[in-house]
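Hello,

Here is the structure I said I would pass on. My notes on its pockets and cavities follow below.

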Amino acid sequence: MVFEYCDTYTSSANFRTYIHNHLEGIARKNPHVEFVVKQRPNKEPVVRGFYINNRDKVICLKGLEVNGIEKKVELLLDSSGAKIKPLKRRIVESRNEAARVIQQTRMLAVLDTRVPGMHD
Amino acid sequence: MASFLRSTLRTAASRALHTQPAASPASTPNALELIRSQPSQYIVASVAGQKYILSPRDLLTVPRLNDVKVGDVLKLSNIHEIGSREYTVRGSPIIPLEHVNVEATVVEHTKGPMQFIVKMKRRKGYKRTVQHKQTYTRLRIGPIHIPYSSTASSS
């Protein structure tokens, strides 16, 4: 996760407070994540999350209080980086064939039960 | 004519082979042995109050579970049915955990896309727009463990 902030802009003031007080605690709680803090002068504060599937999520933190920033960081940490898609209908995503299905080779054997000489 | 009848009888008999019921196993551990010996199994389990048909390595999406963090492993405690291609064991109403164990790992807590819900009453000047994102938790189902029991009798 990359935190980009500006030293002088007032929109980064809350973010600077967050970095001073909360960032280290979050970093210790999530040892599997690399936290980077960068300066981005004369720009709004931004947090970027980079995920294993090569996608990244970027959230602007302008106008957020410290607990708002905490919630956005939590959102990035909880996410898997997958694209947001409608999940109401995709309840179970499975790549397995159904366990109760007759396998195809077996089905061919059932069909081919002709006895030679009986069919004219 | 006679040969035609004989051929239909033969095909009927061969089709009937696959519809004869198998002998019921003596006990639950024996039934589970039969299920374990088959190549693939499924379970019917209820998670967060809803029943789903699950198999290993599935990705299950349920409404957001707030007490759980990403990476936690949950044991499915309400398994109603376990089955395979030819055999099924149904619990009443649940199969005890000593017979079947399935775990699910929390993959992520997401939100769905933004929904714009428009409420309107015509000719009254009332129009409201509600923006809403539904929260979900996604679980990856682990392998189905049927522990070997010492009380299963050998055939």
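**Pockets and cavities**

The second largest pocket has a volume of about 330 Å³. It is lined by 18 residues, and those closest to its centre are A:Asn96, A:Glu97, A:Ala98, A:Ala99 and B:Ser55. By class, that lining holds eight nonpolar, six polar and four charged residues. Please keep in mind that this is a predicted model.

The largest pocket has a volume of about 1300 Å³. A total of 43 residues line the largest pocket, and A:Glu74, A:Leu76, A:Leu77, A:Asp78 and A:Ser79 are the ones closest to its centre. Several elements give two or more residues each to this lining: from chain A, helix H2 (23–29), strand S3 (46–50), strand S4 (56–60) and helix H3 (66–78), and from chain B, S7. Which element gives the largest share? That is H3(A), with nine residues. The lining of the largest pocket divides into 17 nonpolar, twelve polar and 14 charged residues.

The largest cavity contains about 60 Å³ of space. Chain A lines it with A:Ala82, A:Lys83, A:Ile84, A:Lys85 and A:Leu87, and chain B with B:Glu108, B:Thr110, B:Lys111, B:Gly112 and B:Arg138. Strand S7 (residues 101–111) of chain B gives the most to this lining, with three residues. By class, the lining of the largest cavity has five charged, three nonpolar and two polar residues.

The second largest cavity has a volume of about 50 Å³. Its lining consists of B:Pro29, B:Leu32, B:Glu33, B:Arg36, B:His99, B:Pro147 and B:Ser149. These divide into three nonpolar, two polar and two charged residues.

Which of its residues are buried? They are B:Pro29, B:Asn30, B:Ala31, B:Leu32, B:Ile35 and B:Arg36. Among them, B:Pro29, B:Leu32 and B:Arg36 also line the second largest cavity.

Regards

Methods: Residues are numbered from 1 along each chain as its sequence is written. Chains are lettered from A and ligands numbered from 1 in the order in which they are written. This is a predicted model: local features need pLDDT of at least 70, side-chain atom pairs count only at pLDDT 80 or more; totals for chains, interfaces and linings use all residues. Side-chain values use heavy atoms; hydrogens and water are left out. On a 1 Å grid over the protein atoms alone, a cavity is a set of points where a 1.4 Å probe fits but cannot get out, and a pocket is an open set with protein on both sides within 12 Å along at least five of seven lines; lining residues have an atom within 4 Å of a point. Grid points are joined across faces, edges and corners, and a volume is the space filled by probe spheres set on the points. Helices (H or I, at least four residues) and strands (E, at least two) are DSSP runs, numbered from the N terminus. Ala, Val, Leu, Ile, Met, Phe, Trp, Tyr, Cys and Pro count as nonpolar, Asp, Glu, Lys and Arg as charged, and the others, Gly among them, as polar. Buried means under 20% relative accessible area, exposed over 50%, partly exposed in between (1.4 Å probe, protein chains only).
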